[in-house]
Amino acid sequence: MPLFGLGSNPKTFEFKCADCGEIHRGSPSFGYDKPAEYFIVPEEERARAVTLTEDLCAIAPPAHITDGATAYFIRTILDVPIEGADDPFTWGVWVSQSQENFDRYRNSFGIDQTGETSFGWLGVFMPPYNRRALNERTEYLACDVHWGAPGQRPTVTLHECDHPLYRDQQNGLSWDRAIEIAQAIMHGGEK
């Protein structure tokens, strides 16, 4: 991943919001409370089918499906560099995992697993990257989960693909594009 700012005076990301007029300082950070698959489960079935904590989610198949498999998700961090900024645009995202890796995460969060990786599928709907008309969806983008230090959420690197989120993670966001995304999310728009 490119390192922006080296030799070019990296600085703290800040901007005056065009929507609210406030000065926002520090690189943007947004997260998702639930994986996208949570919203597929009918509301009346969620108490039975979904186990959800701040970092773990298991979703059992619908009651009428007897041979379905439970879907497992863990909460991770996906960073996107901002050109000229010393910190990235950070997303708290859910990634699917095998039951084995889900159990490993649950049972070894306090153990150093630096250097370990696992495969997963991105499990969130991410405005502004989800443009269905262009068939650019963030749900189910392939990624690697990089396990880390004790008590730290794993980080995510997307697999190479022709998707704007992958390109931004590899090449970084311009300062103006980072402002546009942050404003849209903070004020309820999707750009």
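Author: A nonpolar surface patch of about 440 Å² is made by Ile40, Phe119, Trp121 and Tyr140. Patches consist of residues with over 30% relative accessible area and no salt bridge, where like charges are joined within 9 Å and nonpolar side chains (Val, Leu, Ile, Met, Phe, Trp, Tyr) within 5 Å. Accessible areas come from the Shrake-Rupley method with a 1.4 Å probe, and for residues only the protein chains shown count as cover. This is a predicted model, in which local features need pLDDT of at least 70 and side-chain atom pairs count only at pLDDT 80 or more, while totals for chains, interfaces and linings use all residues. Residues are numbered from 1 along each chain as its sequence is written, and side-chain values use heavy atoms, with hydrogens and water left out.

Tyrosine 140 lies in the loop between strand E8 (117–121) and strand E9 (142–146); helices (H or I, at least four residues) and strands (E, at least two) are DSSP runs, numbered from the N terminus. With a relative accessible area of 45%, tyrosine 140 is partly exposed, that is, between buried (under 20%) and exposed (over 50%), with a 1.4 Å probe and protein chains only.

Nine of its nine residues are buried, so E7 is largely enclosed by the rest of the structure. In a regular strand the side chains alternate between the two faces of the sheet. Both faces of E7 are covered: Phe89, Trp91, Val93, Val95 and Gln97 are buried on one side, and Thr90, Gly92, Trp94 and Ser96 on the other.

E7 also has partner strands; two strands pair if DSSP finds at least two bridges between them. Strand E3 (residues 29–31) runs parallel to E7 and is joined to it by three bridges, with glycine 31 having glycine 92 as its bridge partner. Strand E6 (residues 71–80) runs antiparallel to E7, with nine bridges, and isoleucine 74 stands opposite valine 95.

E6 pairs with E5 as well, in the antiparallel sense over four bridges; here alanine 58 stands opposite tyrosine 72. Strand E5 is likewise covered on both faces, with Leu56 and Ala58 buried on one side and Cys57 and Ile59 on the other. E4 and E5 form a hairpin with three residues between them, and leucine 52 has cysteine 57 as its bridge partner in E5.

Arginine 106 forms one with aspartate 103, the closest N and O atoms being 2.7 Å apart. Both residues lie in H2, three residues apart, about one turn of the helix. Arginine 106 is partly exposed at 43% relative accessibility, as is aspartate 103 at 22%.

Note on methods. Salt bridge = Lys/Arg side-chain N within 4 Å of Asp/Glu carboxyl O.
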